[in-house]
Amino acid sequence: MLAIACLGLTGCSEQKMAQISGRIVYAEDGTPATDLAGHNISFFCTHSGDDDKEVRTSATGEVLEDGTFTMSTYEAGDGVLLGIHQIAISRPVAYS
């Protein structure tokens, strides 16, 4: 079981951003999830776009050696849109 420690987010709206960084730890004992180093973490938020159509925006980050991450949406380190997010952690993809 993993726990993701980061700033709480509520109500996805109007392009307001929050800088987000955190650490992934194991819930049982709170040790950093160092085995996830190099994995990608993604936050997904659904909100109304300019034309009131539903838009899905994602922010991504890379899990570092100590289990920490910093999220980026439009540019490096800018954070995420304020809102309620789904979170996914995925393995890095190797291209050959």
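Colleague: In this predicted model, the side chains of Asp-66 and Arg-23 meet. What makes this contact a salt bridge?

Modeller: The N to O distance is 3.5 Å. A salt bridge needs a side-chain nitrogen of Lys or Arg within 4 Å of a carboxyl oxygen of Asp or Glu, so Asp-66 and Arg-23 qualify. A search of the whole structure finds one salt bridge.

Colleague: Where in the chain do the two partners sit?

Modeller: They come from distant parts, 43 residues apart. Arg-23 belongs to strand β3 (residues 21-26), while Asp-66 lies in the loop between β5 (54-62) and β6.

Colleague: And why is Asp-66 called partly exposed?

Modeller: Its relative accessible area is 35%.

Colleague: Now the rings! How many aromatic pairs are there?

Modeller: The count comes to one aromatic pair. Phe-43 and Phe-69 have ring centres 6.4 Å apart, and the cut-off is within 6.5 Å.

Colleague: Why is that pair described as tilted?

Modeller: The planes of Phe-43 and Phe-69 stand at 55 degrees. Stacked would need under 30 degrees and edge-to-face over 60, so this pair is tilted. Phe-43 is in strand β4 (residues 40-48) and Phe-69 in strand β6 (residues 68-70), 26 residues apart.

Methods: Residues are numbered from 1 along each chain as its sequence is written. This is a predicted model: local features need pLDDT of at least 70, side-chain atom pairs count only at pLDDT 80 or more; totals for chains, interfaces and linings use all residues. Side-chain values use heavy atoms; hydrogens and water are left out. Rings of Phe, Tyr and Trp (its six-membered ring) pair if their centres lie within 6.5 Å; planes under 30 degrees apart count as stacked, over 60 as edge-to-face and the rest as tilted. Helices (H or I, at least four residues) and strands (E, at least two) are DSSP runs, numbered from the N terminus. Buried means under 20% relative accessible area, exposed over 50%, partly exposed in between (1.4 Å probe, protein chains only).
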